[in-house]
Amino acid sequence: MALLDIRDLAVEFGSGPAAVRAVDGVSLRVAEGQTVCLVGESGSGKSVTGLSIARLLPSPPAHWIDGEILLAGRAIRHLPERELRAIRGRVVAYIFQEPAAALNPVLRVGDQIREMLELHRPAAAHRDEVTRLLELTGIPAAARRARDYPHQLSGGMLQRVMIAMALAAQPRLLVADEPTTALDVTIQAQILELLTDLRRRLGMSILLITHHLGIVAEFADRVAVMYAGQIVEEGPVPAVLANPLHPYTRALLNAVPRLGAGAERLANIPGQAPPAGAFPSGCRFHPRCPRAEPECRRSPPCLLEVLPDRHVRCPLWNPLGPDAG
Ligand code: SF4
């Protein structure tokens, strides 16, 4: 049984004729100890999917329209709020893009970690455990740093503090929503290495949400590519990166800078991702797809297993990749 099993999730914002469907039939599984990357441009629905796991979207305006999410075997959709609170932190914890915004500026970071411990593991809510959690995230002189206020720490340090807070409840699944986007490149790599190391040492699962397909290669076991509220391709990382089957995955890969690629221009994806509420008819990628045919405008494609363990939402997929003739 998967630790996280998202089945046909559909989420709308607003109601009545003005309702906008941001996530439309998303299915995704994360096994114990696995890292899965959810990749896509902004507005593709990946963060809405991530926030739905612990029902963190305010409702209204968000409405869970269809589907179910099983987290450690518990169905989340209709779970009473009291039981959800027990799951948040202890089963699933989150880190986000802007750690400074998530921390209280007038509380020392150690006190904020201790508050998390008091909430989830009261017996461990003492200074030694705060220091241990900070050390786990690689913060030097952790006992001293625990007495700092958020403004005294760099962006990379603050993200480590957020990770320490997330780990305080010993979650089984960590949802990391663009955790490195606000950081410079060398710090990004350090945070990703830290997450990889923690996953191995603590046996956690990680759902990494990112717009950057380049992150996937070294970090994740599986990747799901989202476009316009739907998953368009899903599979094991080595297979998807070696031979992307969907034209959008190929375009994202072509946009990733590679070491040693010289001064070649990176390929841009023509056009813009459509916002929720303005998704095109038929295949939602057709206005930007180099392989689009007239039928693509009419028939919405299904996500199908076209090769063992490879799913793609394109009836014109080619076993040799979308660039093959
Ligand atoms: Fe492109 Fe058509 Fe495939 Fe959509 S269905 S990705 S438009 S070839």
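Some ground rules. Residues are numbered from 1 along each chain as its sequence is written, and side-chain values use heavy atoms, with hydrogens and water left out. The model is predicted, so local features need pLDDT of at least 70 and side-chain atom pairs count only at pLDDT 80 or more, while totals for chains, interfaces and linings use all residues.

Names next. Helices (H or I, at least four residues) and strands (E, at least two) are DSSP runs, numbered from the N terminus. Two strands pair if DSSP finds at least two bridges between them.

Let's start with the sheet of 4 strands. It is open, its order is E2-E1-E4-E5, and its pairing is antiparallel. Which strands are at the edges? They are E2 (20-30) and E5 (74-75), and each pairs on one side only.

Now go through the pairs. E1 and E2 are antiparallel over 8 bridges. Leu-4 stands opposite Val-30 in E2. E1 and E4 are also joined by 8 bridges, running antiparallel. Here Arg-7 has Glu-68 of E4 as its bridge partner. E4 and E5 pair in the antiparallel sense over 2 bridges. Leu-71 has Arg-74 in E5 as its bridge partner.

Most residues other than glycine have a negative phi, and most peptide bonds are trans. Look at Asp-8, in strand E1 (residues 4-13). Its phi is near 55°, a positive value in a residue other than glycine. Ala-72 has a positive phi too, near 50°. Ala-72 belongs to the hairpin of E4 and E5, with 2 residues between the strands.

Where is Pro-60? Pro-60 sits in the loop between helix H1 (46-52) and strand E4 (62-71). A cis peptide bond joins Ser-59 to Pro-60, with omega about -5°. Another cis bond joins Pro-60 and Pro-61, with omega about 10°. Pro-61 lies in the loop between H1 and E4.

On to the sheet of 8 strands. It is open as well, in the order E6-E7-E8-E3-E9-E10-E12-E11, with mixed pairing. E6 (92-95) and E11 (304-307) stand at the edges with a single partner strand each, so one side of each is left without a neighbour in the sheet. Neighbouring strands of this sheet are turned by 20° against each other on average, direction ignored. Axes, by the way, are lines fitted to C-alpha atoms, for helices over the stretch in contact, and angles run from 0 to 180 degrees between N-to-C directions.

One pair to pick out. E7 (residues 173-177) and E8 (residues 205-210) are parallel, over 5 bridges. Leu-174 has Ile-206 of E8 as its bridge partner.

Helices cover this sheet. H8 (residues 185-202) lies across E3 (35-39), E6, E7 and E8, and runs at about 160° to E8. H11 (residues 247-254) packs on the sheet too, touching E3, E9 (222-227) and E10 (230-236). The direction of H11 makes about 105° with that of E9. Contact means heavy atoms within 4.5 Å.

Now helix on helix. The axes of H7 and H8 come within 10 Å and cross at roughly 20°. That makes H7 roughly parallel to H8. The cut-offs: under 35 degrees is roughly parallel, over 145 roughly antiparallel, 65 to 115 roughly perpendicular, and the rest oblique. In H7, the residues that meet H8 include Ile-163 and Leu-167. On the H8 side, Leu-194 and Leu-198 are among them. By class, this contact of H7 with H8 has 8 nonpolar, 3 polar and 1 charged residues. Ala, Val, Leu, Ile, Met, Phe, Trp, Tyr, Cys and Pro count as nonpolar, Asp, Glu, Lys and Arg as charged, and the others, Gly among them, as polar.

H7 (residues 155-167) also meets H4 (residues 109-120): their axes come within 8 Å and cross at roughly 20°. H4 and H7 are therefore roughly parallel to each other. The contact is made by Val-109, Gln-112, Ile-113 and Met-116 of H4 with Val-161, Ala-164 and Met-165 of H7. Those residues divide into 6 nonpolar, 1 polar and no charged.
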